Amino acid sequence: MKSRWVVGTGDYLDLAYHAWTQASATEDVQKITVPQGADYEFDLSIFDTLHPELGDVFIAVDDRFGNFKRMELFRVALERGFTLSSFVSANADVASEAKIGKNVFIGPQAIIGHHCKIEYNSVVHAGAQIGANSHLRASVWIEPGVQIGSRVEIGTHAIIRTGAIVRSGIKVGKGAELGWPQLYSADIADKTVYDTRYDEPILVYGS
Amino acid sequence: MQSRMHPKYYLSQEIFDREQIKIFRKVWLFAGLTSLVAENNAFITRKIAGIPVVIQNFKGEIKAFENICLHRSAPLQQGFCGRRALVCPYHAWSYDATGAVKNIPDCEAIYRFSADEKQSLKLREFALKQVGSMLFINLSTEPMAFEEQFKPEFVALMESAAQSFDTEVMVTTWHGKFNWKLVYENLRDFNHVKFLHAKSLAAIADFPFEAPIQADLALTPLEDISIPGLRKAMRPFSYGGPEGKIDAVRPVPWLNMVERWGTEDAYFNWLAYPNLHIACGNGGYSFTIEHHIPIAPGQTDIEIYFITAKKKQPYAASYQVLLSNMHYSKTILTEDIDMLEQVQSALHIDAPIPTQGAYESTNRQIERWYTELMETEHEI
């Protein structure tokens, strides 16, 4: 029996592990926690015990550090030759011609409209709706129940939190975080953060 | 001993208006960062002491003007910052680097201004001073010298730090429900740290302070109340340096990505009276600029800029470093803001006058100067 190593940390690791367990009767699904040190760096030694010919890896790290920590493990797994298949819940409604990249997670009751493109390492949680012809770039994090209209473009590493509704045709910049539960009806600049703890959006200028 | 700060100073609209005219329209105030106006036509807009201001780059020259078109009073530039020539969006009057009207479309055909009238059209310009990558503005028609307001050693250390600021800047604003003076009083009181921030700031830094001798307690009235005298009296209100002791900085990967400012493991603070605080809690790796903007007697906007020291090279996750640090700073500052809002909410016109101890000598000196300005016709 081939192995399915669900590798990562936190609640999302648990969620992804259970999703894979329910979905794969023919695989030996294992949960592997990668410890983070006081400097937030991963201890990658666990990868030395895993071999691509014996199984496949799914990386499950949440949105911490703007999804960069999930990207970090994704790259490590890719460099070590793993295929990194995506997970699409049997209860999700995904248009047949939608393109889904490596290591993507699509939760139950999620709806992915026709001609959508979900790039590698992105997460679309349960009940999220992605309108037709929308494009999610790499390492995006979409929380449960989020509603995204048609023709929406979401930049890499963006985070859309529960309660957010993104109007059709909007461009959400890379690294943006839409955390205020509201309708977003104008384009969002790169790295703009709407965090409920703050009175105003957090903006980034320059580079 | 009893404070000079009657509750009215935190509650009265009349006092607030007087402060705006007698302090905020006279002194040098923080206005922004040069990295936001680095390119030709880049601009920032502000409202300072009730006056809308645009700070704009004209081919490398940075100028500050009143952000009101001389035709129909529309703001010339809109939004916090951007990049656009200085042209009014209403009827397209444009202005040059001196603030003079550069072009009025169809001027002769429909406006029929005389040559003299057209030549007299000039935006009100304000004095600007660059300190490292920080900009200060003075709204006065006869601005005092920068050095009259701030001590040279204070400016030198702040300039040295501000030269190391990176060009990637994270900005946000919090709306505090308290009077602006409560912030500077709080910042000049290290005794609150171990109580209010017991689990946050006090866990990582220690701020030693002394209770000075009687002579420093501002018990007697100010002796020199001339304009130069009152300016001189103001100078010690601004100071900075390695005020806090910290443990060795915890090694996290981003520290290696920036050119550290200095080598001293200390918590650096700069307090520029009236409304600027710069903090560097990790010995030169990153800086928080807190700018306290008075909005109304019981309302102060806290504008926060977060920057690291200059990056050695760009890297994709740098904005997440800024965001993590912003969130961390917020946990500490929220403790202050919550307390100051509580203080403000308890104030009423007959509230007890505060009782101060010897360690509060700086605040005592400030309030002696402040009440002199508020209660007399003397000016700075």
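This is a predicted model: local features need pLDDT of at least 70, side-chain atom pairs count only at pLDDT 80 or more; totals for chains, interfaces and linings use all residues.
Student: How far apart do the C-alpha centres of domain 1 and domain 2 of chain A lie?
Tutor: The domain assignment of chain A gives domain 1 as residues 3-79 and domain 2 as residues 86-207. The C-alpha centres of these two domains of chain A are separated by 22 Å.

Student: Which elements of chain A each supply at least two residues of the side of domain 1 that touches domain 2?
Tutor: The contact draws 13 residues from domain 1 of chain A and eleven residues from domain 2 of chain A. By class, the domain 1 side has nine nonpolar, two polar and two charged residues. The elements of chain A that each supply at least two residues of this side are helix 1 (10-23), strand 3 (55-61) and helix 2 (68-79).

Student: Which are the edge strands of the open sheet in chain A?
Tutor: Seven strands of chain A form this open sheet with parallel pairing, in the order 4-7-10-13-16-19-21. An edge strand pairs on one side only, and in chain A this applies to strand 4 (87-88) and strand 21 (193-194).

Student: What is the bridge partner of Glu177(A) in strand 21 of chain A?
Tutor: Strand 19 of chain A, residues 177-178, pairs with strand 21 of chain A in the parallel sense over two bridges. Within strand 21 of chain A, Glu177(A) has as its bridge partner Val193(A).

Student: Which strand of chain A gives the most to the side of chain A that touches chain B?
Tutor: Between the chains, 20 residues of chain A are in contact with 23 residues of chain B. The chain A side has ten nonpolar, four polar and six charged residues. With three residues, the element of chain A that gives the most to this side is strand 22 (residues 203-205).

Student: What is the bridge partner of Leu203(A) in strand 10 of chain B?
Tutor: Strand 22 of chain A and strand 10 of chain B (residues 169-176) run antiparallel and are joined by three bridges. In strand 10 of chain B, Leu203(A) has as its bridge partner Val171(B).

Student: Why can chain B be called as compact as a globular protein of its length?
Tutor: The secondary structure of chain B comprises twelve helices and 16 strands. For 380 residues the globule rule gives 21 Å, and chain B is as compact as a globular protein of that length because its radius of gyration is close to that value, at 22 Å.

Student: What percentage of the residues in chain B are buried?
Tutor: The C-alpha trace of chain B spans about 70 × 55 × 35 Å along its principal axes. Among contacts in chain B with a separation of 6 or more, residues 24 or more positions apart account for 67%. Of the 380 residues in chain B, the buried share is 38%.

Student: What is the bridge partner of Lys245(B) in strand 13 of chain B?
Tutor: Strand 12 of chain B is joined to strand 13 of chain B (residues 266-272) by six bridges, and the two run antiparallel. In strand 13 of chain B, Lys245(B) has as its bridge partner Ala266(B).

Student: How many residues of strand 14 of chain B are buried?
Tutor: Leu276(B), Ile278(B) and Cys280(B) point one way from strand 14 of chain B, whereas His277(B) and Ala279(B) point the other way, and all are buried. Strand 14 of chain B (residues 276-280) is therefore largely enclosed by the rest of the structure, the buried count being five of the five residues.

Student: Which residue takes a positive phi in the hairpin of strands 14 and 15 of chain B?
Tutor: Four bridges link strand 14 of chain B to strand 15 of chain B (residues 286-296), and these strands run antiparallel. One bridge partner pair is His277(B) with Glu290(B) in strand 15 of chain B. Their hairpin has five residues between the strands, and the residue with a positive phi near 65° is Gly283(B).

Note on methods:
Residues are numbered from 1 along each chain as its sequence is written. Chains are lettered from A and ligands numbered from 1 in the order in which they are written. Domain bounds come from an automatic or database domain assignment. Two residues are in contact if their C-beta atoms, placed from the backbone, lie within 7 Å. Ala, Val, Leu, Ile, Met, Phe, Trp, Tyr, Cys and Pro count as nonpolar, Asp, Glu, Lys and Arg as charged, and the others, Gly among them, as polar. The radius of gyration is taken over C-alpha atoms; the globule rule is 2.2 Å times the number of residues to the power 0.38. A residue is buried if 20 or more other C-beta atoms lie within 10 Å of its own, exposed if 12 or fewer, and partly exposed in between; C-beta atoms are placed from the backbone. Two strands pair if DSSP finds at least two bridges between them.
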